[in-house]
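Let's walk through this structure together, one part at a time. Have the sequence and the model open as you read.

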Amino acid sequence: MVIHTQGPAETQAAAQRLAPLLRPGDLIAYRGGMGAGKTTFTAGLARGLGSTAWVSSPTFALVHQYDGPVPLCHFDMFRVTTVEDLYSTGFFDYLEGGAVLAVEWSENIEEALPEPHITVEIAIEEGDRRTITITGDERFL
Ligand code: ADP
Ligand code: MG
């Protein structure tokens with residue numbers, strides 16, 4: 001599935017629309033650099049999964065959890081480069097906890113990503129345009 005958005009509100013709305021397709025245990029691995037819109041997309045997921053909380057980047061905490069009918073765990077793996085680091089985020093426990101996991105900088109934990117997983121790649125285009133490509137599951141064809 002490929003989605004084109006213009007501005008953060010559209011990216012958030014697109015994610016909110018897609019969220020009902022997600023199931024407990026799904027993992028979303030983001031691709032896309034700083035400022036692509038990964039956190040913005042995650043805010044839409046949190047809304048769509050039933051949380052009303054404010055979503056902010058888990059840069060310092062490494063993981064934020066949003067509770068709704070389906071909980072969402074939002075990771076920032078920017079500084080996570082070793083398996084020890086990864087263990088300390090609680091990633092492996094969250095994997096089995098029945099939440100949806102959304103992982104920024106998933107490139108850093110490539111070897112630890114469960115298969116299958118959903119990949120959300122966000123490419124920065126001209127200005128406020130983004131191209132969002134979702135692969136890895138037939139729900140998003
Ligand atoms: P990331 O988590 O990938 O670093 P953020 O979601 O924190 O990115 O930030 C995205 C930035 O890009 C915000 O400043 C937002 O206003 C801006 N932006 C501009 N256009 C878009 C768009 N179409 N979708 C998402 N964010 C956009
Ligand atoms: Mg971010």
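A residue counts as buried under 20% relative accessible area, as exposed over 50%, and as partly exposed in between (1.4 Å probe, protein chains only). With that scale, threonine 39 is partly exposed, at a relative accessible area of 21%, while glutamate 104, at 4%, is buried.

This is a predicted model, in which local features need pLDDT of at least 70 and side-chain atom pairs count only at pLDDT 80 or more, while totals for chains, interfaces and linings use all residues. Side-chain values use heavy atoms, without hydrogens and water; residues are numbered from 1 along each chain as its sequence is written, and chains are lettered from A and ligands numbered from 1 in the order in which they are written.

Those two residues meet at the magnesium ion (ligand 2): Thr39 (OG1) and Glu104 (OE) are its protein donors, lying 2.2 Å from it. Donors here are N, O and S atoms within 2.8 Å of the metal (3.2 Å for Na, K and Ca); water is not among the atoms, so sites may look incomplete. The pair links distant parts of the chain, 65 residues apart, with threonine 39 in helix H2 (residues 38–48) and glutamate 104 in strand S5 (residues 100–104). Helices (H or I, at least four residues) and strands (E, at least two) are DSSP runs, numbered from the N terminus.

Now to the sheet. Seven strands form an open, mixed sheet in the order S1-S7-S6-S2-S5-S4-S3, where two strands pair if DSSP finds at least two bridges between them. At its edges, S1 (2–6) and S3 (63–66) each pair on one side only. S3 runs antiparallel to strand S4 (residues 72–76), joined by four bridges; valine 63 has phenylalanine 75 in S4 as its bridge partner.
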